[in-house]
Amino acid sequence: MLKRDIWNELIAWKERSHHPLVLRGLRQIGKTFIVKEFGKAFYDNVVYLDLRANKTIHKAFEGDFDVNQMMLSITSVDVLARFVPGKTLLIMDEIQDCPNARSSLKYWDMDGRFDVICTGSFLGVKGFRVPYERGIPVGYEEQITMYPLTFREFIINTGMDKQVFEYVSRSLAEKTMIERTVHESMRNLYLQYLVVGGMPEAVNSFFETHDLNAVREIQRSILQSIKDDFGRYKDKDGNDKVNEILKLRAEACLNSLPAQLSKEYKKFQYSLVNAKGHSPEKADGLQYLEDLGLIARAYNTREIAVPLEGVKIPTEFKVFYIDTGLLVSQLGDDIPAKILSGNVGAYKGAVAENMVAAAFAKNGKPLYYFHAPSGSPELDFLFEKDGDAVIVECKSTNNRASSMKFVLAHPQKYGKHPAVKIADANVGGGDGFDTYPLYALGFPHFLQMKRGENLVKMVDVKNLKVPD
């Protein structure tokens with residue numbers, strides 16, 4: 001079993017006062033597996049309902065939302081199911097396929113005798129974004145988004161000594177050079193991760209066989225199975241249907257990404273999408289990919305200023321795979337070998353930019369960049385931290401970050417900003433910026449806020465009085 005960070009989040013959920021949990025995320029990233037294993041580890045009884053495959057069980061949620069009645073209906077279909085107060089986890093898999101089941105979460109929560117975890121691969125996807133006739137349980141559910149494995153999770157599953165991990169983390173935090181042998185090992189691991197990616201089946205295959213051809217076949221199979229589900233929706237009677245036009249547009253948008261990312265300026269262009277329709281129609285296909293969790297967008301900004309959301313240009317963006325391994329599987333057969341040899345700039349920098357975008361997205365960071373109307377300067381990424389717009393430049397080698405240096409040298413025009421260069425190099429510095437190795441993206445101390453930074457001191461109002 002792969003060690004996943006989500007495991008600790010599930011434990012934290014269980015140990016505190018909680019509502020039913022909805023675990024969202026792309027298909028085939030291990031949602032069902034992890035919640036089943038969690039159930040086995042922490043509960044005496046697990047009741048598992050596959051709401052996509054088992055349509056009969058939907059009837060349990062068609063009557064009154066009386067927990068005892070729902071339990072009776074579930075056990076009449078699943079004779080092995082046991083509901084023991086305080087010792088049972090109810091898992092409702094693919095809950096978007098049964099809107100009434102999601103509406104019922106309010107009543108399971110109010111009853112309080114059983115813990116409930118739901119998974120959803122299509123929540124918010126077109127065709128499932130329909131009004132719930134019996135209401136969405138606002139205030140009665142919690143949500144967590146799960147992603148493919150991060151590099152941190154990847155290296156943890158290699159069995160790396162905890163002391164090595166802590167040494168690298170400390171060196172990055174203190175901005176001190178990492179010992180050469182450790183640096184080279186981490187670098188090589190990261191290059192492998194870029195090729196293998198974070199889809200659990202691909203990762204497991206790599207750890208077991210070290211066969212990249214087998215990994216590539218798995219990645220392509222995963223992507224094809226995801227494509228096979230494109231356009232699926234529920235009609236008003238709850239029957240499975242396929243919107244063939246949306247399916248074609250979504251697949252065409254996805255198929256265009258290698259070409260989109262091979263351009264010098266990687267702005268997404270609908271003209272490169274091989275599908276009928278104007279840009280607004282094709283945009284439906286792209287939005288579908290984003291709703292599925294397969295891609296992430298990075299928006300250009302009018303200026304380098306916070307809040308970045310306030311200066312973004314909604315119509316100008318780049319599109320990246322949420323998993324770099326899936327992107328690499330769609331490129332030429334020689335690309336994995338080039339990456340493993342250290343050429344992260346393969347395919348005109350597509351892999352290098354995608355690895356940063358994927359790392360940011362998996363850490364919950366909205367993606368932005370800056371591309372001046374004249375084309376120069378162009379900054380790979382921007383993100384917010386401590387009230388500043390932080391500049392991030394990604395270099396496949398240790399080349400000069402000329403655009404970043406130009407911006408830093410002209411604060412009167414662009415403002416003063418912290419800056420980071422991520423390169424195929426050790427920890428170092430520069431004139432106004434810090435340099436980190438590629439694998440630093442797996443130790444996201446500069447991407448995440450420390451717990452407690454958002455805590456504020458409460459205002460004492462106990463002694464406030466109305467003036468006489």
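This is a short tour of a predicted model, with stops to select in your viewer.

Residues are numbered from 1 along each chain as its sequence is written. Local features need pLDDT of at least 70 and side-chain atom pairs count only at pLDDT 80 or more, while totals for chains, interfaces and linings use all residues, and side-chain values use heavy atoms, with hydrogens and water left out.

**Stop 1: H1 and H2**

Select residues 5-15 for helix H1 and residues 31-42 for helix H2. Helices here are DSSP runs of H or I with at least four residues, strands are E runs with at least two, and both are numbered from the N terminus. The axes of H1 and H2 come within 11 Å and cross at roughly 50°; axes are lines fitted to C-alpha atoms, for helices over the stretch in contact, and angles run from 0 to 180 degrees between N-to-C directions. That makes H1 oblique to H2 (under 35 degrees counts as roughly parallel, over 145 as roughly antiparallel, 65 to 115 as roughly perpendicular and the rest as oblique).

Now show the side chains. Among the H1 residues that meet H2 are Trp-7 and Trp-13, and the H2 side includes Phe-38 and Phe-42. Contact means heavy atoms within 4.5 Å.

**Stop 2: H9 and H10**

Next, pick residues 200-209 (helix H9) and residues 212-228 (helix H10). Their axes are 9 Å apart, at an angle of about 170°, so H9 and H10 are roughly antiparallel to each other. Where do they meet? Look at Glu-201, Ala-202, Ser-205 and Phe-206 in H9, which meet H10 residues including Leu-212 and Ile-222.

**Stop 3**

Move on to helix H16, residues 350-362. From first C-alpha to last it reaches 18 Å, close to the 18 Å expected at 1.5 Å a residue (the expected span is 1.5 Å times one less than the number of residues). Because 13 of its 13 residues are buried, H16 is largely enclosed by the rest of the structure; buried means under 20% relative accessible area, exposed over 50%, and partly exposed in between (1.4 Å probe, protein chains only).

Within H16, click on Glu-353. Its relative accessible area is 9%. Leaving aside neighbours within four places in sequence, Glu-353 is in contact with Lys-266, Lys-318, Phe-320, Asp-380 and Phe-381. Just after H16, find Gly-364, with a positive phi of about 75°.

**Stop 4: Gly-432**

Finally, select Gly-432, in the loop between strand E14 (428-429) and strand E15 (434-437). Not counting residues up to four places away in sequence, Gly-432 touches Leu-408 and Ala-419.
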